[in-house]
Amino acid sequence: MKKGMLLLVSFILAATFALSIVAQDKGKKPPPPPPPPKPLHELIDLNSANKEQLMSLAGIGDVLAEKIIKGRPYRVKTELVSKNIIPRATFQKISAKVIAKQK
């Protein structure tokens, strides 16, 4: 009997405490949602990037940057591989960092 009574009193105290917290929060406005995450990097446009921007990509050196520039324009970024501009392995390294914007 004493254990049951102690359990009941504990439950009532916990519920009272929880309700007091809820009552305090009712007058407050909820915090604004967090801003959307910023991209970790800006996408590099294959159709307008300069040589230095292209060379900042993993696996793209002086020669490949020149080949990318000479192969312009690109409708889609996968044309880098289909036009044999860069190897598939290199494309897989940079595909998330490039885009082929249309005018």
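**Figure 1. Glutamate 66 and its salt bridge in the predicted model.** Glutamate 66 has a relative accessibility of 27% and therefore counts as partly exposed. The structure shown is a predicted model. Glutamate 66 forms a salt bridge with lysine 51, and the closest N and O atoms of this pair are 3.1 Å apart. Because glutamate 66 belongs to helix H3 and lysine 51 to helix H2, the pair ties together parts that lie 15 residues apart in sequence.

**Figure 2. Salt-bridge network of Lys51, Asp62 and Glu66.** Lysine 51 also pairs with aspartate 62, with 2.3 Å between the closest N and O atoms. This pair links distant parts of the chain, since lysine 51 is in helix H2 (residues 51-55) and aspartate 62 is in helix H3, 11 residues apart. Lysine 51 is partly exposed at 22% relative accessibility, and aspartate 62 is partly exposed at 42%.

**Figure 3. Salt bridge between arginine 75 and glutamate 79.** The closest N and O atoms of arginine 75 and glutamate 79 are 3.4 Å apart. Arginine 75 is exposed, with 60% relative accessibility, whereas glutamate 79 is buried, with 9%. The structure holds three salt bridges.

**Figure 4. The largest nonpolar core.** This core contains 18 residues, of which Leu54, Ile60, Ile68, Leu80 and Ile86 touch the most other members. Helices H3 (62-70), H4 (79-82) and H5 (88-94) are the elements that give two or more residues to the core. H3 supplies the largest share, three residues.

**Figure 5. Contacts of isoleucine 68.** Leaving aside residues up to four places away in sequence, isoleucine 68 touches Leu46, Leu54, Ile60, Tyr74, Leu80, Ile85 and Ile86.

Key: Residues numbered from 1 in each chain as written. Predicted model: local features only at pLDDT ≥ 70, side-chain atom pairs only at ≥ 80, totals over all residues. Heavy atoms only, no water. Core = buried A, V, L, I, M, F, W, Y, C linked by side-chain atoms within 4.5 Å. Buried < 20%, exposed > 50% of the residue type's maximum accessible area, 1.4 Å probe, protein only. Helix = DSSP H or I, 4+ residues; strand = E, 2+ residues; numbered from the N terminus. Contact = heavy atoms within 4.5 Å. Salt bridge = Lys/Arg side-chain N within 4 Å of Asp/Glu carboxyl O.
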